[in-house]
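Please read the points below beside the sequence and the coordinates. They are meant as a colleague's notes, taken element by element.

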Amino acid sequence: MDTIRSVLVPIHREGWKFIAIFAVATLLLFWAAEPLGWLGVILTAWCTYFFRDPPRVTPVRDGLVISPADGVVQMIERAVPPEELGMGSDARMRISVFMNVFNVHVNRSPADATVAAMAYRPGKFLNAALDKASTDNERQSLKLKLASGKELAVVQIAGLVARRILCEAKEGQALKAGERFGLIRFGSRVDVYLDDGMVPLVCVGQTMIAGETVIAEDGATEQPRPGEVR
């Protein structure tokens, strides 16, 4: 029963129309040539898998910053937040999580916070693994205000295959840590810009689980990363 539940996870409502399109295309392929129909079955199964939306258990301790995306930590470096959010020109610590086409693509809030500002910016569809994707690609940015007065920026970035950013959050909305706020299809990246005093607790190459993995903590003692000498 547990195995069945692990496979039959909920599907994000955004996915049902795509699953239907893939299913109809599969029927047409069977009608045209049976071998192609089986290829359609595989692609329909992948589409269903892509839009899965499994439940997550989110840590609740104050000061934690939770990963907003499934995937792999690609970069941890200082960078200036998107200018359209009005967060100033000072560089902040940025954690970038890259999602491939097999990751869950539902995005979740990294903390209990209020959406203080939102901004959409059209752009290119470069490989999201590239550093310049943060500035050149299409993106949806959110500035989140925490009860402590500190701020986070979360940026959904379209990738080479991703052509649609869905953000369901609204300006002024209160989000709980781990709460769903959007989705990107099909392969992309999410950047998190930390406020002063928030220390990254992950390393490049580490696998993230949206809504569960702690990526940073306010006031934590910074630990050396693998291979780093101090």
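1. Basis of the notes. The model is a predicted one, in which local features need pLDDT of at least 70 and side-chain atom pairs count only at pLDDT 80 or more, whereas totals for chains, interfaces and linings use all residues. Residues are numbered from 1 along each chain as its sequence is written, and side-chain values use heavy atoms, with hydrogens and water left out.

2. Helix α2. Helices (H or I, at least four residues) and strands (E, at least two) are DSSP runs, numbered from the N terminus. Helix α2, residues 16-32, has 17 residues and spans 24 Å from its first C-alpha to its last, close to the 24 Å expected at 1.5 Å a residue, where the expected span is 1.5 Å times one less than the number of residues. Its buried residues are Phe18, Ile19 and Thr26; buried means under 20% relative accessible area, exposed over 50%, and partly exposed in between, with a 1.4 Å probe and protein chains only. The buried residues of α2 pack against α3 (34-50) and β10 (180-185), contact meaning heavy atoms within 4.5 Å.

3. Six of the six residues of β11 (residues 188-193) are buried. In a regular strand the side chains alternate between the two faces of the sheet. In β11 both faces are covered, with Ser188, Val190 and Val192 buried on one side and Arg189, Asp191 and Tyr193 buried on the other. Two strands are taken to pair if DSSP finds at least two bridges between them. β3 and β11 run antiparallel and are joined by six bridges, with Val192 as the bridge partner of Ile95. Strand β7 (residues 151-158) also pairs with β11 in the antiparallel sense over six bridges, and here Arg189 is the bridge partner of Ile157.

4. Ser96. This residue is found in strand β3 (residues 92-99), and at 0% relative accessibility Ser96 counts as buried. The side chains of Ser96 and Asp191 are joined by a polar contact of 2.7 Å, that is, a pair of N or O atoms within 3.5 Å; within protein, one must be able to donate a hydrogen and the other to accept it, and residues adjacent in sequence count only if both atoms are side-chain atoms. Beyond its neighbours within four places in sequence, Ser96 is in contact with residues including Val72, Met75, Val190 and Asp191.

5. Ala111 and strand β5. Ala111 lies in the loop between β4 (106-108) and β5 and, at 4% relative accessibility, counts as buried. The C-alpha atoms of Ala111 and Leu175 are separated by 7.6 Å, although the two residues are 64 apart along the chain. β5 (residues 113-121) runs antiparallel to β9 (residues 174-175), to which two bridges join it, and Ala113 stands opposite Leu175. β5 also pairs with β6 (residues 139-145) in the antiparallel sense over seven bridges.

6. The three-stranded sheet. This open sheet has the order β1-β14-β12, with antiparallel pairing. β1 (64-66) and β12 (198-200) stand at the edges with a single partner strand each, so one side of each is left without a neighbour in the sheet.
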